[in-house]
Amino acid sequence: MATGKSVRTVLAAVADATAGGQVAARKAVELAWLFGADVVLYHACYEPSLSGGAFFDSVQLAAARREHLARATRALRNLAASLGGHDLAIRVLVEWQRAIPEAVARAATREGADLVVAEPRYRSGRRQRGLSRIDWEVARLCPVPLLLARSAAPYSKPRILAAVDPGAHGLRVSSLDAGIVGLAAAMAGATDGSVRVVHCVRDPPLALAMRPALRRSERQRVQTMIRHLARGAGLTQRDARILDGAPVAKLLEAVSEEEADILAMGTVVRGPIRQLLIGSTTEQLMHAAPCDLLLVKPSGVRSGVRR
């Protein structure tokens, strides 16, 4: 499968350096080995009880912070040693950072990451388990593609759905759609997986109903564009599919039918006050999709986080 997307550095955003499981680290190491990339295990370390403050800091608190950082660093180094092998270079980076999403975004930029892997932190104390505020903010601010990994199970010929929206960009293929399909194809190429490019077509309200001939023409235009996207990533026309209906419901249905392991989609739209916002469709899928999520932003988008 020919793709033009290469991954040279993978950054794992480790939520808790001492926890078991370590989904992000394991997925990052697996992908780094498959891509022949470097991997960085990154942990933004913060403990409110040791923060002190402008009028309450002390030599003892500073020493306690250093020890807290040292413990986290030792834990990550032990994790790196347990995951190493195959001549894979694993670096460990631990920082005292209170704002975790901003810290992850800065680290991704500073380390030259092509992909960030994180695991959901989830909300606690709720009847329905959902993504935490930190999860949403990491997805919003991360300047490079983000793999939100729900399972540490290794990829074994994964099925990847690449959700695109060519109808939103007129007569041209957008850089975002090309990036989604290109990265999905690169992931499939590295993991011996497969890709299906999908787009949801929703009929307009009755008040705006199109003439049948115009609707057929529009459908053909969109079909041509997603096939062009597929061919550009080394896929075949059979790997492009149109879904009829509401995007969230139909994409969740497709994930179930295809038994998809990864859903790749765009994450950011430009808000009215020049902030980066997560689109409503993506937001709902981030909450409801049972598989791993590969979240891609348009090329050239800046997160707005200071270095």
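Four of the five residues of strand β6 are buried, so this strand is largely enclosed by the rest of the structure. Buried here means under 20% relative accessible area, with exposed over 50% and partly exposed in between (1.4 Å probe, protein chains only). Strands (E, at least two residues) and helices (H or I, at least four) are DSSP runs, numbered from the N terminus. The model is predicted, so local features need pLDDT of at least 70 and side-chain atom pairs count only at pLDDT 80 or more, while totals for chains, interfaces and linings use all residues. Residues are numbered from 1 along each chain as its sequence is written, and side-chain values use heavy atoms, with hydrogens and water left out.

Strand β6 covers residues 159–163 and pairs with β9 (residues 262–266) in the parallel sense over three bridges. Two strands count as paired if DSSP finds at least two bridges between them. Ile160 stands opposite Ile262 in β9, and Leu161 has Leu263 of β9 as its bridge partner. With β7, strand β6 pairs in the parallel sense over five bridges; there Leu161 stands opposite Arg196.

Strand β12 is also buried: five of its five residues are, so β12 is largely enclosed by the rest of the structure. Asp292, Leu294 and Val296 point one way from β12, and Leu293 and Leu295 point the other way. The pairing of β12 with β9 is parallel, over five bridges, and places Gly266 opposite Val296. The pairing of β12 with β5 is antiparallel, over three bridges, and places Leu148 opposite Leu293.

These strands belong to an open sheet of ten, in the order β3-β2-β1-β4-β5-β12-β9-β6-β7-β8, with mixed pairing. At the edges stand β3 (90–96) and β8 (240–244), each with a single partner strand, so one side of each is left without a neighbour in the sheet. From one strand to the next the twist averages 25°.

Helices lie against this sheet. Helix α1 (residues 23–35) packs on the sheet and touches β1 (9–13), β2 (38–45), β3, β4 (115–118), β5 (146–148) and β12 (292–296); the direction of α1 makes about 170° with that of β1. Contact means heavy atoms within 4.5 Å. Axes are lines fitted to C-alpha atoms, for helices over the stretch in contact, and angles run from 0 to 180 degrees between N-to-C directions. Helix α6 (residues 212–232) lies across β7 (194–201) and β8, at about 145° to β8.

Helices also pack on one another. The axes of α1 and α5 (residues 175–191) come within 9 Å and cross at roughly 80°. The two helices are therefore roughly perpendicular; angles of 65 to 115 degrees count as such, under 35 as roughly parallel, over 145 as roughly antiparallel and the rest as oblique. Leu31, Leu34 and Phe35 in α1 meet Ala186, Met187, Ala190 and Thr191 in α5. By class, this contact has six nonpolar, one polar and no charged residues. Ala, Val, Leu, Ile, Met, Phe, Trp, Tyr, Cys and Pro count as nonpolar, Asp, Glu, Lys and Arg as charged, and the others, Gly among them, as polar.

The axes of α3 (residues 100–110) and α4 (residues 133–141) come within 8 Å and cross at roughly 30°, which makes α3 roughly parallel to α4. The contact is made by Ile100, Pro101, Glu102, Val104 and Ala105 of α3 and Ile134, Glu137, Val138 and Leu141 of α4. These residues divide into seven nonpolar, no polar and two charged.
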